[in-house]
Amino acid sequence: MRKKLVVGNWKMHGNRASNAALLAGLREAGPWSADVAVCVPFPYIAETALALTGQAIAFGAQDCSAHEQGAFTGEVSSAMLADLGCRYVIVGHSERRAFHAESDQLVADKAKAALAHGVTPIVCVGETLAEREAGQTETVVKRQLAAVIHTLTHCIGEIVLAYEPVWAIGTGLTASPEQAQSVHAVLRKQLQAATQKADAMRILYGGSVKPDNAAQLFAMPDIDGGLIGGAALKAGDFSVICRAAA
Ligand code: PGA
């Protein structure tokens with residue numbers, strides 16, 4: 001039995017005052033029976049850690065460097081994230097793949113760097129609308145996951161996977177539970193061929209998950225929780241989604 005996981009991806013939102021209010025709201029709303037985490041902008045990780053002391057809410061970052069350390073101006077290493085107490089780091093989010101030209105291999109290398117420091121990578125895969133309409137959904141997500149499997153080899157069982165159809169992110173268009181489930185099943189099968197841990201691994205769905213559609217999505221057999229963007233910025237909405245992941 002997989003325990004569900006709900007992760008808030010704050011993206012580039014917030015400030016010290018609004019974050020404090022959001023985290024206070026989450027402290028009040030919890031605990032939930034699912035595992036819950038928030039992935040916050042780098043400058044706010046330390047304050048988030050402080051605000052969540054003693055709480056059953058984990059925290060993490062939204063990206064990390066593939067490099068260990070060195071002359072990489074502006075980058076943040078997974079060792080630094082581990083030093084701050086991060087449990088998770090999102091890698092390969094479609095916004096990074098699209099706006100920062102991150103390749104499948106770079107995403108895999110970032111996942112490897114995170115694991116090397118005990119930070120669990122939440123590896124995102126997903127197809128664009130054009131790819132879906134061209135019937136390439138399976139090919140695309142399998143190619144994205146294959147790079148991670150080849151790079152992590154026997155450690156692949158340690159990641160969290162997130163299926164995020166690009167056309168559903170921030171658009172209000174959600175994949176139907178059946179559409180999402182069918183991709184999750186493909187991904188589970190690919191993991192099963194790579195590791196005996198596949199049945200214990202969590203595959204999250206992300207893309208316009210809201211309080212009113214979360215329960216149907218989380219009821220699907222291979223959907224083990226959610227990666228939540230917009231709705232993670234409101235404590236009330238996020239809490240309802242966490243509760244739906246019972
Ligand atoms: P959304 O974002 O919930 O706002 O669609 C999800 C994500 O990008 O992780």
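E102 is buried, at a relative accessible area of 7% (buried means under 20%, exposed over 50% and partly exposed in between, with a 1.4 Å probe and protein chains only). The model is a predicted one, in which local features need pLDDT of at least 70, side-chain atom pairs count only at pLDDT 80 or more, and totals for chains, interfaces and linings use all residues. Residues are numbered from 1 along each chain as its sequence is written, and side-chain values use heavy atoms, with hydrogens and water left out.

E102 sits in the loop that links α4 (94-99) to α5 (104-116); helices (H or I, at least four residues) and strands (E, at least two) are DSSP runs numbered from the N terminus. Beyond four places in sequence, E102 touches D63, G92, R96, R97, V107 and K110, where contact means heavy atoms within 4.5 Å. With K110 there is also a side-chain to side-chain polar contact of 2.7 Å (a pair of N or O atoms within 3.5 Å; within protein, one must be able to donate a hydrogen and the other to accept it, and residues adjacent in sequence count only if both atoms are side-chain atoms).

Strand β6 has V160 and A162 pointing one way and L161 and Y163 the other, and all are buried. On one pairing, β6 runs parallel to β5 over four bridges, and V125 is opposite Y163; strands pair if DSSP finds at least two bridges between them. β6 is also parallel to β7, through three bridges, with A162 opposite L204. From β6 the chain crosses through α8 to β7 in a right-handed β-α-β crossover, meaning that, with the strands pointing away from the viewer, the path from the first strand over the helix to the second runs clockwise.

The connecting helix, α8, covers residues 177-192. Its 16 residues reach 22 Å from first C-alpha to last, close to the 22 Å expected at 1.5 Å a residue, the expected span being 1.5 Å times one less than the number of residues. Buried residues of α8 include V183, L187, R188 and L191. The cover over the buried residues of α8 includes β5 (120-125), α7 (137-152), β6 (160-163) and β7 (203-206).

D224 lies in the loop between α9 and β8 (225-228) and is buried, at 2% relative accessibility. The side chain of R2 makes a further polar contact with that of D224, also at 2.8 Å. Outside four places in sequence, the contacts of D224 include K3, L5, M201 and I203.
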